[in-house]
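Q: I am new to this structure and would like to go through it step by step. Could we look at it together?
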Amino acid sequence: MRLWVYNSQLKSQSGLFIIVELATFIVIVDATQCEFKGKVMNLKQELQSLNDKLDKFRRKLAAAEQRGDTAIIMQFKREITAVTKRIANVKGQQTRQLNKEGGEVRNLPFKRELTKAEQADMGKLKKTVKGLVVVHPMTALGREMGIKAVTGFAPNKF
């Protein structure tokens, strides 16, 4: 399903129309007459839902194999390969996003390990140092960057 919102010269009070493209037909709706109640998933949520689908498909495949239903077996094998490809795609997106974020943080001119006292009063430190980015070694970004201790990155010395 695709969703587009665009300005149009068609006759409408607002001039805004929402176009929803489903598998075989397109629906055009006046934007003043509807609300969009969907939510946008972030990569982590999408990966979780895909893994849940993959697990469900594998369980259904096992049940179909026990029954000997060849049509259902083929269907779930196709579904599993499609979901597996999508999972690999999302993981690649996550990796690219982490690499981009890590590169931006690494390009900050100053970095140093934070003392225990600074870590304990992080709010005060962030207020005094403009543009401070704190990276913990146990986060995905910290693991990707290979840091060993809680490190602060900033545009100026602190």
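Q: To begin with, in which helix is Lys 126 found?
A: This is a predicted model, and in it Lys 126 belongs to helix H4, which covers residues 122–128.

Q: What separates the C-alpha atoms of Lys 126 and Gly 152?
A: A distance of 9.8 Å lies between those two C-alpha atoms, although Lys 126 and Gly 152 are 26 residues apart along the chain.

Q: Let us step back. How many helices and strands are there in the protein?
A: The protein has five helices and six strands. Read from the N terminus, the elements follow the order β-β-β-α-α-β-α-α-β-α-β.

Q: And how much of the protein is made up of buried residues?
A: Of its 158 residues, 25% are buried.

Q: Now the helices. How do the axes of H1 and H2 cross?
A: Helix H1 spans residues 43–67 and helix H2 spans residues 70–106; their axes come within 9 Å and cross at roughly 160°. Angles over 145 degrees count as roughly antiparallel, and H1 and H2 are therefore roughly antiparallel to each other.

Q: Which hand does the crossing of H1 and H2 have?
A: The crossing is left-handed.

Q: What kinds of residues are in the contact of H1 with H2?
A: The contact of H1 with H2 comprises 14 nonpolar, 10 charged and five polar residues.

Q: On to the core. Which residues touch the most other members of the largest nonpolar core?
A: Those are Val 83 and Ile 87, in a core of 13 residues. Helices H1 and H2 each contribute at least two residues to this core. The largest share, seven residues, is supplied by H1.

Q: Changing topic: what is the order of the strands in the open sheet of three strands?
A: The order is S4-S6-S5, and the pairing is antiparallel. S4 and S5 are the edge strands, each pairing on one side only. From one strand to the next, the twist averages 20°.

Q: How many bridges do S4 and S6 share?
A: Strand S4, residues 110–113, pairs with S6 over four bridges in the antiparallel sense. Within this pairing, Thr 151 in S6 has Glu 113 opposite.

Q: And how many bridges join S5 to S6?
A: Strand S5, residues 133–135, is joined to S6 by three bridges, and these two strands run antiparallel. The bridge partner of Val 133 in S6 is Phe 153.

Q: What about the two faces of S6 — which residues are on each side?
A: In strand S6, residues 151–154, Thr 151 and Phe 153 are on one side, and Gly 152 and Ala 154 are on the other.

Q: Could you say more on Phe 153: what is its relative accessibility?
A: The value is 2%, and Phe 153 therefore counts as buried.

Q: Lastly, what separates the C-alpha atoms of Phe 153 and Phe 110?
A: The separation is 5.8 Å, with Phe 153 and Phe 110 lying 43 residues apart along the chain.

Conventions:
Residues are numbered from 1 along each chain as its sequence is written. This is a predicted model: local features need pLDDT of at least 70, side-chain atom pairs count only at pLDDT 80 or more; totals for chains, interfaces and linings use all residues. Side-chain values use heavy atoms; hydrogens and water are left out. Axes are lines fitted to C-alpha atoms, for helices over the stretch in contact, and angles run from 0 to 180 degrees between N-to-C directions. Angles under 35 degrees count as roughly parallel, over 145 as roughly antiparallel, 65 to 115 as roughly perpendicular and the rest as oblique. A crossing is left-handed if the near helix is turned anticlockwise from the far one by less than a right angle, and right-handed if clockwise. Ala, Val, Leu, Ile, Met, Phe, Trp, Tyr, Cys and Pro count as nonpolar, Asp, Glu, Lys and Arg as charged, and the others, Gly among them, as polar. Buried means under 20% relative accessible area, exposed over 50%, partly exposed in between (1.4 Å probe, protein chains only). Two strands pair if DSSP finds at least two bridges between them. A nonpolar core is a set of buried Ala, Val, Leu, Ile, Met, Phe, Trp, Tyr and Cys residues joined through side-chain atoms within 4.5 Å.
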